[in-house]
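Subject: Structure handover

Hello,

Here is the structure we spoke about, for your files. My notes on it follow below.

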Amino acid sequence: MTVYGGLQLALFLGCLFLLTKPVGLCLVRVLDPGGRTWLDRPLKPVERLLYRFLGVDPAKEQDWRSYTRSLLLFSLAGLLFTYAVLRLQHLLPLNPQRFGPLAPDLAFNTAASFTTNTNWQNYAGETTLSYFSQMVGLVFHNFVSAAAGIAVAAALVRGLARHASRTVGNFWVDLVRVNLYLLLPMSLVLSLFLASQGVVQNFRPYVKTAAGAGATGAGAGNAIAAQVLPQGPAASQVAIKMLGTNGGGFFNANAAHPYENPTPLSNFVQMLAIFLIPAGLTYYLGRKVKDRKHGWAVWTSMALLFLVAALVCWKAESAGNPRLRTLGLDPRGGSMEGKEVRFGVPASALFATVTTDASCGAVNAMHDSFTPLGGLVPLVNIELGEVVFGGVGSGLYGMIVFIVLAVFLTGLMVGRTPEYLGKKIEAYDVKVSVLTILVPIFAILGFSAAASVGRWGLAGLGNAGPHGLSEIIYAFSSAAGNNGSAFAGLDGNTPAYNVALALAMLCGRFVMIVPVMALAGSLARKKLVPADEASFPVSGAMFIGILVGTVVIVGALTFLPALALGPIVEHFLMTGSGVLF
Amino acid sequence: MPVLKRSLFDKAIVSRAARDAVRKLHPVHLLKNPVIFVTEMGALLTTAGIVLRRGSEPAGFTVQISLWLWFTVLFANFAEAMAEGRGKAQADELRKTRIRTVANRIREDGVPEPVPAERLRKGDLVIVSAGETIPADGEVIEGAATVDESAITGESAPVIREAGGDRSAVTGGTRVLSDRVKVRITADPGQGFLDRMIGLVEGAERQKTPNEIALTILLSALTIIFLVVVMTLSPFGRYSGVPFTVTVLVALLVCLIPTTIGGLLNAIGIAGIDRMVQKKVLAMSGRAVEAAGDVDVLLLDKTGTITLGDRQATAFLPAPGVAAEELADAAQLASLADETPEGRSIVVLAKKYGLRGRSIADLPGAAFIAFSAWTRMSGVDLEGRSIRKGAPDAIQAFVRADVPLRVHDAVSDIALHGGTPLLVAEAGRVLGAIELKDIVKGGLRDRFERFRAMGIKTVMITGDNPLTAAAIAREAGVDDFIAEAKPEDKLARIRREQAAGHLVAMTGDGTNDAPALAQADVGVAMNTGTQAAKEAGNMVDLDSNPTKLIEVVEIGKQMLITRGALTAFSICNDVAKYFAIIPAMLVGVFPVIAPLNVMGLRSPASAVLSAVIFNALIIIALIPLALRGVRFRPLGAAALLRRNLFIYGLGGLVAPFPGIKIIDLIVNALHLV
């Protein structure tokens with residue numbers, strides 16, 4: 001662990017802290033249908049046009065059922081659209097490499113993956129997808145799935161802020177406004193910056209170069225005759241992939257690819273971009289419920305969980321593999337396997353933590369090559385429910401569900417029916433909250449267990465032993481958590497895995513959104529209990545402790561046995577008996 | 001009702017509970033409690049394993065695990081049975097008073113005919129004479145009688161029941177001591193107050209409260225989660241080449257699901273009602289007890305609740321040129337025959353001025369003038385002296401002279417401070433004023449202060465004028481008051497508070513209180529009150545002591561806190577159990593994992609067994625806490641939460657580590673595995 005790494009971590013948290021309020025203020029305006037933004041002049045006509053096109057009355061609010069129905073229908077349409085684009089890409093324009101259509105299972109997996117904001121990729125972009133598929137079929141979802149997540153979070157926050165109200169907002173208005181006034185302008189700025197750093201942005205065919213001097217294989221004498229340099233509109237896609245916590249790389253190597261993430265500065269900015277909107281949403285929460293301290297308490301809880309994870313991962317990675325010593329190597333350089341030299345251990349460990357805390361899933365290093373404990377951190381991050389800042393929107397709504405449970409579990413101890421921000425937590429709220437928690441647990445453990453003993457599951461494994469189990473669990477955690485990063489050792493592009501992972505992704509997104517929206521509706525309907533000395537404190541150290549404790553205990557209690565057989569055993573085997581996988 | 005002053009752990013109760021615990025093993029009974037139901041299924045599974053001789057581990061281990069799993073279920077049942085114990089014993093006592101009687105029913109032609117009490121129906125008219133038992137609940141419609149209600153209230157002093165007004169309700173099972181009354185029956189057989197009381201103290205009609213339902217959902221969800229965890233662990237084990245036996249998986253499951261709170265949840269609820277009964281408050285439902293904990297506005301009647309109910313003389317304020325002793329002497333003489341509490345308090349106060357006790361017998365020539373609504377004064381004519389005391393304007397009319405300025409000021413000053421002024425005059429001369437004051441009950445100020453800290457607002461309701469009301473409100477330390485209140489004001493205030501999101505508690509006894517009692521979230525009816533009031537409220541106070549509302553709220557809060565504390569404890573326990581069981585499950589195949597065995601448990605078998613034993617014993621250990629309730633402290637939410645979180649949350653996290661370790665040492669010392 002180095003001073004440089006520490007400085008980077010401190011700088012990262014500092015920048016995030018400073019940007020939280022401005023982004024939050026933007027969100028307050030964007031998510032208020034009448035809110036003014038300084039893009040109103042050019043974009044207001046577009047907004048009106050879109051409403052007319054969608055046939056939506058922006059002044060009419062929806063109740064939670066109708067809001068959810070709109071979201072599900074819209075997502076289903078998007079899923080089918082992308083499936084069609086991928087299946088028909090050979091007939092569609094912008095395909096200079098003349099790629100054929102995707103297989104049905106892979107197309108389904110990919111469509112589900114992008115619709116659910118997961119961006120799990122069972123394909124390599126540069127060898128599979130046309131520019132059209134990337135830009136229209138996929139980037140479309142990078143915008144709208146992010147906006148849908150923010151919409152659900154906004155509906156839930158409205159549920160908290162309102163009382164005796166039937167409605168929670170209008171899905172179409174939220175969808176349109178978030179895209180127009182938030183995601184599009186932010187992505188534009190970010191892609192310009194990324195392009196300035198060297199991220200490619202063109203429609204050219206791939207470039208073939210003769211082997212350079214350094215490109216000769218040193219070991220077995222396999223000379224690389226020629227090199228293909230993939231091209232494409234990467235910068236525009238990378239910006240939204242980070243801002244929308246999508247994570248699907250333009251190239252297979254994702255953010256480790258020099259055309260996607262060329263410099264330490266682009267790396268730093270990309271990490272910030274991942275956390276930007278999720279962090280801003282905590283401020284939005286505080287503002288809307290008129291308790292800014294509460295918003296910051298949620299931010300602090302997330303930051304604490306992030307900080308601990310980042311430190312553990314960084315420590316594990318910089319300690320490296322003790323077995324290197326027996327090979328006569330100095331392990332003090334840390335574990336560099338699967339990492340880019342231009343980022344090194346601290347920036348790779350930090351990126352891995354950020355991308356899995358948020359349900360982004362972009363990677364700048366191969367998590368599969370991390371040390372067992374280093375790899376445990378991303379896995380646990382995902383399994384905590386993607387609530388440490390989390391996905392755009394999904395992080396906040398997941399965290400609010402945890403708050404509801406934490407308040408219910410401990411609130412009785414103040415001698416009253418538990419209440420959260422003046423809303424009594426009753427049987428119905430508990431029911432829908434636990435449903436939300438149950439869904440990913442079922443998906444992760446159920447699918448992983450089936451894969452770990454099924455022939456279809458074991459067929460795709462790249463590694464044996466506990467590491468193989470980690471790969472399986474990671475894949476389904478990533479899918480159900482809508483993260484999308486991978487322990488790359490697993491070959492998921494088989495019909496069985498494609499379908500199983502797609503189902504896990506769909507469960508983790510839509511089966512979860514329904515109870516979350518039900519919670520929003522229930523909270524909105526409730527009367528407000530006036531705050532007094534006996535109200536449950538929702539800010540301050542004790543609240544933060546309770547929230548962090550609940551997240552950790554629920555996560556730890558649920559996944560510890562499985563993790564014990566995976567990364568934990570692997571760690572002890574590595575340090576204790578020197579067995580590696 | 002004569003409350004049985006039995007200890008919670010009375011021998012008879014314990015042995016009866018032990019028997020009931022076995023009876024409650026019936027799975028249908030346990031279905032209502034998912035956590036314990038799953039535990040029982042687990043016990044069945046491991047027991048079946050012994051019988052079928054499946055599994056690789058030594059039979060002794062499986063037998064012991066099964067045994068402790070059965071104990072876990074039994075302990076949970078025992079907790080519930082213990083909580084029911086005192087109520088059941090109480091109900092038995094009450095049943096004894098439900099003797100068969102013959103009632104004198106009045107036929108339609110007006111002729112009485114004897115019928116067995118159980119054949120009486122609502123609306124029947126009966127005649128009850130001295131020495132007879134009232135056959136069923138009813139309302140006196142003719143006559144008045146003294147009634148011995150000790151069977152219901154435990155109070156031996158007879159009470160008067162009479163037609164009309166707020167004292168007309170009679171209860172089946174009580175006895176008429178004198179006179180005879182005509183009663184209209186208001187309850188069908190089996191629906192009477194005594195029957196309801198029996199049902200309530202026995203807990204037979206108990207339904208889950210809203211909060212219990214929510215908690216049960218959460219506990220069921222945790223149970224489902226851990227079922228999935230344990231069931232998926234088997235394939236993971238198969239992948240890893242670690243064979244997990246059914247016994248060990250069931251042991252893990254039972255240790256992880258929240259058996260502690262699952263086993264004690266019912267007991268906590270029943271004990272809450274039982275604690276109310278001990279305070280002689282009958283809660284009509286557990287829901288009412290729970291609502292009591294949530295209440296944040298108390299409507300308190302001034303008279304009887306905040307003040308003693310009688311005004312007392314507190315000072316003599318003499319006119320210029322009159323000695324205080326002279327005034328006291330005159331006041332005492334004028335009050336000697338006055339048997340009202342006010343009059344008596346004047347006599348008592350005068351003694352402090354060096355006047356010996358006098359009695360009417362000492363003054364043979366005295367002619368006492370009684371108070372009348374017409375003259376609004378009373379007094380005495382004695383040896384040519386004519387002394388009067390009364391309302392200021394009446395006395396002024398009596399003396400036909402101006403009241404001295406100082407006395408006039410004193411009168412307005414007394415009124416300003418919430419007192420009632422009386423003037424004393426003799427022979428056309430005003431001697432001075434007497435201050436009569438409502439005496440605020442001792443200790444209330446502190447109590448209200450504590451309530452404020454808990455976020456509970458107190459509102460005093462009084463018929464007094466605003467000035468007097470404000471003075472008493474200030475003295476008692478209530479937050480707000482309604483002066484010159486009419487019965488409908490109560491109802492309006494309750495509605496207003498509820499609309500603002502508050503939960504309101506109140507007491508009442510009169511028929512005109514009934515709408516408000518019904519509207520309030522917690523309505524405590526006085527047992528001396530009318531039938532209408534008792535039916536409208538959701539609690540009845542057998543002592544008819546309105547101040548008890550405060551204790552009712554405390555018991556409600558205590559019940560909620562106990563539930564929360566044991567839930568937190570139960571869930572935090574799991575962390576330690578993981579550290580006991582997971583290493584034990586894996587160490588056979590992966591010896592390198594030994595460092596995770598932080599408690600240094602001797603062997604995998606003893607680790608698993610110790611965790612299961614701890615899990616069972618902790619239920620027994622916490623029964624007293626569940627039954628008595630977590631000690632209630634009137635603190636603000638933050639302080640209360642911090643305290644309870646520290647004790648039960650952190651305690652729950654830490655306690656099992658030494659607990660399991662000690663059990664492991666004992667298990668190994670006894671060579672149990």
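Contact here means heavy atoms within 4.5 Å. Please keep in mind that this is a predicted model.

By that cut-off, and leaving aside residues up to four places away in sequence, A:N267 touches A:N261, A:F343, A:A347, A:F351 and A:N364. Two of these partners also meet A:N267 through polar side-chain pairs: A:N261 at 2.9 Å and A:N364 at 3.0 Å. A:N267 sits in helix α9 of chain A, which covers residues 264–288. Is A:N267 buried or exposed? The relative accessible area of A:N267 is 1%, and buried means under 20%, so A:N267 is buried.

Now to chain B as a whole. Chain B holds 24 helices and 22 strands. Its radius of gyration is 34 Å, whereas the globule rule gives 26 Å for 673 residues, so chain B is more spread out than a compact globule. The C-alpha trace of chain B spans about 115 × 65 × 45 Å along its principal axes.

Of the 673 residues in chain B, 56% count as buried. Taking contacts in chain B between residues at least 6 apart in sequence, 70% join residues at least 24 apart.

As for charge, chain B carries 74 positive and 70 negative side chains, and 8 Å separates the centres of the two sets.

Regards

Definitions and conventions. Residues numbered from 1 in each chain as written. Chains lettered and ligands numbered in written order. Predicted model: local features only at pLDDT ≥ 70, side-chain atom pairs only at ≥ 80, totals over all residues. Heavy atoms only, no water. Helix = DSSP H or I, 4+ residues; strand = E, 2+ residues; numbered from the N terminus. Buried < 20%, exposed > 50% of the residue type's maximum accessible area, 1.4 Å probe, protein only. Polar contact = N/O pair within 3.5 Å; in protein donor to acceptor, adjacent residues only side chain to side chain. Rg over C-alpha atoms; globule rule 2.2 N^0.38 Å. Lys, Arg positive; Asp, Glu negative; His and termini not counted. Charge placed at Lys NZ, Arg CZ, Asp CG, Glu CD.
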